[in-house]
Amino acid sequence: MANILVVDDEMGIRELLSEILGDEGHVVQLAENAQQARGARQQGAPDLVLLDIWMPDTDGVTLLKEWQRDGLLTMPVIMMSGHATIDTAVEATRIGALNFLEKPIALQKLLKAVQQGLTRAQEVARAPAIAPRPAVASAPVPEPSIPSAPMYAAQPPQNGAIGIARPVSNGEAHAHGYTLSFDLPLREARDAFERMYFEHHLGREGGSMTRVAEKTGLERTHLYRKLKQLGVEPGKLGKKNAAQ
């Protein structure tokens, strides 16, 4: 059992991670912003921190720098984000983050990263103290393993549409029929794409949450909450597909 601090401004993410990690037997502290995270760290170092990058008051990378500067980065930190660039993730690991998880986070990836972080903490705690040698340079922190982003090609506007976003890969040809306005704010555009994505898979699988969870790589609880957040109703899509 470990003491894990979860820092994320989205209540749904905090509740989901708390539920999953609690089921694994861990004690979970929650913080919705950097200020609360600072307070939790002052009370004592947790065994592991799951830290969101984009937060309203202070972003996660800045908070990570503060802890590193003040000598408070004594625990493994795993960064999380659904919008971070590879450069941001690399910067975080160079500062001292152990790993990076891209949202939405698959259950197995989360549990594996947490286990690796706790194992690393135990190894550091068992390592004998060695006097520092100024002449020996410290080993560089390896860059994180981040899945490459899908390649998208912008098609010329047709029939008054602003544009069509579709994956270049032949395996994603099902997305050709979807139009997506490039004038939308990033968050709205992303929600629109995710809605199309889940509606497509739900239609193909007849509304089966089990098969959609397997196809998308999401844990069922996370999938249910994601669909509720997007306003997608699996039952209606399954009936519509059956009628067709």
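The model is predicted, so local features need pLDDT of at least 70 and side-chain atom pairs count only at pLDDT 80 or more, while totals for chains, interfaces and linings use all residues. Residues are numbered from 1 along each chain as its sequence is written, and side-chain values use heavy atoms, with hydrogens and water left out.

Helices (H or I, at least four residues) and strands (E, at least two) are DSSP runs numbered from the N terminus.

Strand E3 (residues 48-52) runs parallel to E4 and is joined to E4 by four bridges, with Val49 opposite Val77. E4 also pairs with strand E5 (residues 99-102), again in the parallel sense and over four bridges; there, Ser81 stands opposite Glu102. Together, E3, helix H3 (residues 60-69) and E4 form a right-handed β-α-β unit: with the strands pointing away from the viewer, the path from the first strand over the helix to the second runs clockwise.

Next come the charged side chains. Eight salt bridges are found in the whole structure, each a side-chain nitrogen of Lys or Arg within 4 Å of a carboxyl oxygen of Asp or Glu. One of them joins Glu32 to Arg14 (3.9 Å, N to O). Because Glu32 sits in the loop between strand E2 (27-31) and helix H2 (34-42) and Arg14 in helix H1 (residues 11-23), this pair ties together parts 18 residues apart in sequence. Glu32 is partly exposed at 38% relative accessibility, whereas Arg14 is buried at 11%.

Arg38 and Glu66 form another salt bridge, their closest N and O atoms being 2.9 Å apart. Arg38 lies in helix H2 and Glu66 in helix H3, so the parts tied together are 28 residues apart in sequence.

Lys103 lies in the loop between E5 and helix H5 (107-126), so the pair ties together parts 51 residues apart in sequence. Lys103 is buried at 11% relative accessibility, and Asp52 is buried at 3%. Both belong to a network of salt bridges that also links Asp8 and Glu10.

Notes:
Two strands pair if DSSP finds at least two bridges between them. Buried means under 20% relative accessible area, exposed over 50%, partly exposed in between (1.4 Å probe, protein chains only).
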